[in-house]
Structure formats: C-alpha cells, structure tokens
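Student: Please take a close look at one part for me: the aromatic side chains. Walk me through them in one go.

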Amino acid sequence: MSPTSTAKAGPRPARIGSGSGSGPGTGPDDGPAAALRRSWRKASPYAYIAPFFTLFLAFGLFPLLYTAFVSLYRVELQTSGDMEWRGIANYTALFTDEYFWTALRNTFTIGVLSTVPQLAMALGLAHLLNYKLRGRTFIRTAVLLPYATSVAAATLVFAQLFGRDFGLINYVIGLIGVGPVDWQTGTVASQIAVSTIVIWRWTGYNALIYLAGMQSIPHELYEAAAIDGASRWRQFIHVTLPGLRPTIVFTVIVSTIGATQLFGEPLLFEGSISGGISHQYQTLGLYMYEQGWGFFHLGRAAAIAWVMFVLIVVLVGVNALIARRRARKEAGR
Amino acid sequence: MPIARAAKRATARLGAVVLTGALLAACGSGASPDSSDGAGEEVTLTVDLFGSFGFKEAGLYEEYQKLHPGVTIKQSDTQDEADYWKSLQTRLAGGGGLADVQGVEVGRIASVTQQQSDKFQDLKAFGADKLKGQFAEAKWSAATTKDGKVLGLGTDVGPEAMCFRTDLFQQAGLPTDREELAKKWSTWDGYLELGKEYKKKAPAQSAWLDSVGSLYGVMIGQEKERYYNAAGEMIYETNPAVKTAWDTSVKAAEAGLSAKLDQWSPQWNQAFAAGSFATIPCPAWMLCYVKGQAGASGQGKWDVAKLPGGAGNWGGSYLAIPRAAKHKEEAYKLIEWLTAPEQQAKVFQKQGNFPSSTGAIAKISDAVDPYFSGAPIGRIFGDAAKESPVQVLGVHDQNVMQQLTNALSEVERKGVSSDKAWETAKKGVANVTG
C-alpha cells in the first residue's frame with residue numbers, strides 16, 4: 001500500500017479516535033491527522049518488524065511445529081494421504097537403529113575433527129594477520145575466499161583431489177613412499193577427507209571474526225606487557241586469549257551448530273546419500289535426508305530432524321553454561 | 001531414460017551442472033517455437049523429463065510442432081533421475097506444478113501402477129488399447145495395473161550386451177573377435193575364466209571388469225523374478241537367482257578381477273578413458289555413456305559382444321500423463337507420436353536408446369556403430385531385446401538393488417566376507433522398506 005492511500009483511508013478511524021478525547025492544542029482540521037501520526041508512530045515499529053515475524057511464522061515456526069506433528073505418524077511420500085498414528089514410536093525406534101547411532105557417532109567425530117583444528121588454525125591466522133603486514137587488506141580478503149566458494153564447487157574439487165586412482169593427494173604421498181589411501185572407503189580416511197573440506201571453507205571466516213575481536217583489545221595492554229618483558233607468545237596467552245573469550249565462545253557455538261548440521265560436504269564427497277558404502281561418513285543431516293528423500297519415510301525423517309534440533313539446543317546450552325561459569329570464576333578472582 | 005541411472009549419484013548431477021552448464025544452455029535454446037500461425041487452438045504442452053530421452057536432440061519436437069501448428073512444446077529436464085523422482089513425488093503429493101507429460105523410469109513404474117494409479121491418467125480413455133501390439137510384451141504389461149489401466153507408453157528398453165576394449169585384449173593376448181568371444185564366454189563362469197587369463201598378462205593398472213556392481217546389475221537383469229514374485233511379495237532373500245548373481249559377483253571380487261570402482265562415481269567416469277578396465281557390461285543406453293566418458297580417443301578401441309549367460313534387460317523408460325495435467329488429450333496425442341516406431345528409430349540413430357516398439361526394432365536391425373569397431377548393435381541388442389525375460393517389477397526394486405550393490409562394494413573394496421556383507425544388505429533393505 002502506498003503512503004497516499006494510507007492517508008486517504010486513514011481519516012475515518014482517526015476521527016473516531018479524536019472523538020474520544022484527542023490531545024490538547026489540536027485544531028479541528030489538523031487534529032485527526034496529528035492523532036493518526038501519533039498512533040502510527042506507536043504502531044510503526046511493529047509494522048516494520050512485522051514482515052520478519054510473518055515470514056518467521058510461515059517459514060520457521062509453522063514448519064517446526066508441523067514437523068513435530070508429522071514425526072508422530074508413519075508417512076510415506078508416495079502415499080502421503082494415508083497417515084498412520086505411531087505416537088513416539090518413530091523416536092523410540094531410533095534408539096535401536098544402528099544406522100542412527102553410526103550417524104550420531106560420525107557427526108561427533110567429524111565435528112571434532114573439523115572444529116578443533118579449524119578454530120586453532122583460525123586463531124593462529126588471526127594473530128598473524130593482526131601484525132602490520134604488507135598488503136594486509138588483500139591478505140585479509142583472501143582468507144575469506146574459501147568461505148565465498150560454494151560447498152558444491154569446493155567439494156567436487158576436493159573429491160577429485162582425494163581420488164583413489166587419479167587423485168593429487170595420493171600422488172603426492174606416493175612420492176614419499178606412502179601407499180595409495182582409499183579416501184572414500186576407509187572410515188578414518190573418509191572422515192579426515194570430509195573434515196578437510198570443512199576446515200578449508202571455514203578457517204578464514206573464523207579468522208576474520210577473531211581478527212575483529214583482537215582489534216578491540218586495547219593496544220596499551222600489549223604495550224604494558226611488552227614493557228614487562230612479555231614475549232609475543234606470552235602476549236598471545238595472557239592478553240589476546242582472555243580478551244577474545246567472548247568471541248571464542250561465539251565461534252565455538254556457531255561451529256558446533258554447523259558441525260551438527262553438516263550435510264553438503266559428506267553428500268557431495270562421493271555422491272552417496274548413504275555416506276559411503278558402509279555409512280562410514282554419514283552424518284545425522286545426511287541420514288535424515290536419506291530417510292526422507294532417499295526412502296520417502298517422511299515421519300522418520302521428521303523425528304530425526306527433531307532429535308537434531310534438541311541436540312543442538314542442548315549442545316548450545318552446555319556451551320553457554322560452561323562459558324558463563326568460567327566468566328563467573330574469572331570475575332570472582 | 002536409463003542413462004539417468006548413471007546420474008543416480010549427486011556428484012554426477014552437480015558435476016554436470018557446474019561443468020557443462022554452458023553446453024546444456026546451448027542445447028536448451030535449440031527449440032524456439034514461433035507459434036504465430038494461430039491456426040486452430042493454441043496449446044502449450046509441458047514435458048518434464050530426466051537424463052536424456054533424446055527427443056529434442058533428434059529434432060522430434062520441432063517436427064511435431066510443424067505437423068501440429070498451434071502446439072508449442074516446452075521441455076524441462078533434470079539430469080539426475082533420483083532428484084527428478086523426488087520432485088515428481090512431492091508435486092504428486094501436493095497436486096500442483098505437474099507437467100502434461102512426465103517421464104517414469106522402469107525401476108519406478110511398479111510404484112506408479114501399484115501405489116499411485118489414481119494419480120495418473122488411464123491412457124485407455126484415449127484409445128491406447130490399439131497400440132498394444134506395437135510394443136514389446138514386457139514393456140506394455142509393466143505399465144498396466146492389475147485392473148487393466150494403462151498408465152504409460154514405453155520409450156526405450158535396456159537390452160544387455162558386453163562392451164570390451166580390443167586394444168587391451170590384444171595386449172593381454174586374448175582374442176578380439178566378438179563372435180569368438182561370445183562363444184568363449186557363453187556362460188558367466190567362462191567370462192570369469194577369461195578374466196583370470198586376462199589378469200595374468202594384462203597391462204599394469206588394468207582390471208578385467210569395472211565394478212562388481214555392474215556385473216551384479218547386468219546378471220540380475222537376466223532374471224524374470226528378482227526381488228519380488230508375481231504375487232508382489234519380497235523374495236530376494238530366498239531367490240536362487242539373486243543368490244547366483246551375488247555369488248558370481250563375490251567370486252569376481254575375490255579373484256581380484258574388478259577395478260574396485262563405484263559405478264557412477266567420478267573415479268568410474270575417469271577410468272573409461274584411462275583403460276582401468278577391459279570389459280563393462282553394457283545395456284544399450286550405456287553405449288552413449290561410454291562414448292561420452294571415453295571420448296574421441298576411444299574411437300575404434302571399443303567393441304560390443306553378446307552377453308554371457310543369455311539375454312537380459314536393464315533399464316528403460318515410460319511417458320505418463322498425470323491426472324492433474326492441463327491438456328491431457330493433446331498430451332496423449334504427443335506421447336502416442338513420440339513413442340511410435342518411426343520416432344523411436346530416429347532416437348536410436350541419434351542417441352542409442354534402444355526402442356521398445358517392435359516395429360522400430362525391425363527398422364534398425366542392420367544398424368552398426370563405427371565407434372564400437374563397427375559392431376552390429378542393431379542385431380546384438382535386437383536379439384537381446386527379443387529374448388529378454390518379462391520381468392516382475394516391485395515397488396522397492398531400485399532401493400533393494402542399491403543396498404545389495406553397496407554391500408557387494410564392501411566385499412570388493414574392503415574385503416568383507418560374503419556372509420557378513422549379506423547381513424549388511426539385509427539390514428539395509430529392512431531400513432529402506434521399514
């Protein structure tokens with residue numbers, strides 16, 4: 001609706017409003033308009049945020065609740081009209097489903113394999129970028145490039161690199177006499193390969209966040225530390241790390257959520273929705289996809305989706321709790 | 001299109017999108033209809049397919065539009081059949097966004113006739129009955145429901161043969177004459193024996209066979225009853241035919257005859273040109289795939305011989321009309337024309353998809369393929385098509401096959417014992433169907 005049409009439609013309800021006691025000092029002519037302006041001023045913030053909440057209700061909350069509803073039924077996509085009540089059976093079945101446990105374990109191990117080195121490397125990278133370097137802006141932009149690459153493109157390239165027969169990585173390790181590794185088939189090998197893609201994509205992103213955090217640490221602290229004779233490494237341990245704590249908590253939480261939802265990289269790594277021939281790198285996200293869109297068991301997929309949701313909430317809660325406890329301990333010192 | 005099986009894997013799909021996007025775009029701009037004639041009623045027919053049915057490539061849409069002024073055909077295409085099927089299922093469930101003509105792969109046709117017969121148009125309403133004699137019996141009966149509704153017209157079938165590399169055979173001191181080979185490997189045991197001979201003198205890094213998955217797939221294509229019996233019960237656990245195909249594949253894996261490649265994976269694709277394997281079981285639609293992967297340098301190095309162990313069929317597709325289609329009558333006219341013998345023969349000449357229409361098979365019986373050393377593909381595949389068993393199809397055919405080949409890959413690539421892999425396969429199937 002255009003502003004003019006609002007004004008035209010406005011007077012009627014506004015006049016009613018002014019009849020029930022409008023503010024003092026308003027003339028008979030501009031009174032209704034002023035009242036309208038006032039009520040608009042009160043309402044406008046809600047109007048401005050309304051689009052987000054409307055969209056959130058339609059595409060966020062409703063699907064969330066509907067997924068919960070669907071997870072209580074047996075629903076197959078091909079015959080989606082016939083819903084059969086299962087209660088919590090979709091959930092209890094997961095406890096005896098060995099594929100679910102495999103996926104959960106894989107999600108955890110791939111999560112650790114990718115998140116820990118990723119954040120450690122990002123921290124080191126940020127520390128280096130924080131020095132005065134030639135072409136600093138260029139380098140800082142460059143570390144973000146992997147993040148700008150699409151998952152699909154990056155994963156396809158990595159899948160080639162990790163190829164068993166013609167892959168570059170096997171060629172290079174072959175030069176130093178290490179036999180060819182079947183990166184797709186071995187459990188550890190495939191998980192390392194998938195983690196590598198994740199690390200490559202996200203390290204630069206986290207490094208920039210750390211860099212921003214580092215730059216908010218007062219420079220005087222470093223100067224004071226330097227005067228006290230602290231080495232660069234000591235400065236990093238005793239000035240940078242404590243100053244970065246909130247930032248680190250943030251990246252840990254974001255990475256945890258990302259790791260729990262890991263999907264694109266394992267899906268495209270070999271193009272297998274089972275996460276390899278023995279499910280060796282199938283994550284929870286991939287297992288949900290396999291159930292829902294590979295086998296069309298929508299009810300079961302919905303149950304997995306909810307389990308993942310709860311899992312993420314719990315993980316984030318634990319993270320936040322630990323962070324708060326540490327912060328309190330620090331404050332108590 | 002069975003080639004879409006090829007693209008079962010997401011990697012293939014994304015690879016195609018990323019790498020050949022420009023190529024596809026070029027193909028897509030081919031049919032620009034000028035419907036300014038205005039003669040009769042203006043109709044835009046939408047056709048939604050997967051893989052490559054070859055209609056556009058063979059110029060059939062343009063021809064049809066010339067024959068029927070006022071009809072405009074718009075085709076949309078998904079490279080990966082699994083993706084296509086997902087989106088079709090979603091739209092059928094929602095009842096919207098369906099095209100006038102939808103393609104259906106043979107591995108899915110049982111799902112259509114058994115689970116979704118109320119969502120597709122019975123083509124008998126338009127007089128499809130009179131076409132029955134025109135199609136191979138197996139093709140026709142698979143798209144017919146128990147109560148006699150006809151839900152799709154067949155486009156192509158997948159008669160099976162064996163493709164082999166003459167240059168590698170020569171290097172290993174094996175005969176390269178396709179007739180002589182057909183005699184030597186008249187049985188699967190003969191094929192494996194020849195493989196062991198090949199292995200002794202073969203060039204380095206070259207295996208006899210691409211993957212035990214393809215061996216299993218082509219063997220199971222020779223059987224009438226596979227995972228389901230005629231009554232619709234799942235019988236794969238006790239079916240001796242499945243057991244035989246499984247055991248032969250395990251034997252090939254344990255003898256180290258396979259290149260341990262995962263079908264449809266990027267590595268498998270690379271191996272065609274690299275000469276990593278000397279033979280590959282090939283349904284008719286695989287010829288086009290081999291040409292695409294092995295490229296121009298493979299010209300004349302390949303040949304086609306009769307399949308060991310008798311005739312079989314792997315793959316093939318249908319055209320169906322959803323109930324929710326806008327122009328059902330016009331759509332029927334189109335699919336009747338597209339699946340007529342003349343048109344099927346044109347698609348075979350252009351694309352290699354083997355016709356499902358018996359009339360078309362007669363038309364192409366003397367076709368030869370220069371890429372495959374001038375092999376008489378019209379005769380080889382024609383004979384196979386005639387002798388192929390009428391297969392019993394089930395709702396979960398595709399999924400059961402996937403689980404079994406996955407388990408076979410464990411034997412092939414990880415050295416898992418046959419018994420253990422079989423247990424894995426059973427668990428996998430239970431997970432799919434449960």
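Tutor: Start with B:Trp337, which is buried at 16% relative accessible area. Buried means under 20%, exposed over 50%, and partly exposed in between (1.4 Å probe, protein chains only). The model is predicted, so local features need pLDDT of at least 70 and side-chain atom pairs 80 or more, while totals for chains, interfaces and linings use all residues; side-chain values use heavy atoms, without hydrogens or water. Residues count from 1 along each chain as written, with chains lettered from A and ligands numbered from 1 in written order.

B:Tyr64 is buried too, at 2%. Now the pairing rule: rings of Phe, Tyr and Trp (its six-membered ring) pair if their centres lie within 6.5 Å; planes under 30 degrees apart are stacked, over 60 edge-to-face, the rest tilted. That gives 51 aromatic pairs over all chains. One of them joins B:Tyr64 and B:Trp337: tilted, 5.2 Å between centres, 55 degrees between planes. B:Tyr64 sits in helix H3 (residues 60-67) and B:Trp337 in helix H14 (residues 328-338), both of chain B, so the pair ties together parts 273 residues apart in sequence. Helices (H or I, at least four residues) and strands (E, at least two) are DSSP runs, numbered from the N terminus.

Next, B:Tyr198 and B:Trp208 form a tilted pair, 5.4 Å centre to centre and 50 degrees between planes. B:Tyr198 is in helix H9 (residues 188-201) and B:Trp208 in strand E5 (residues 207-209) of chain B, so this pair ties together parts 10 residues apart in sequence. B:Tyr198 is buried at 1%. B:Trp208 is buried at 1%.

Ring pairs also build a cluster, with B:Trp264, B:Phe272 and B:Tyr289 among its members.
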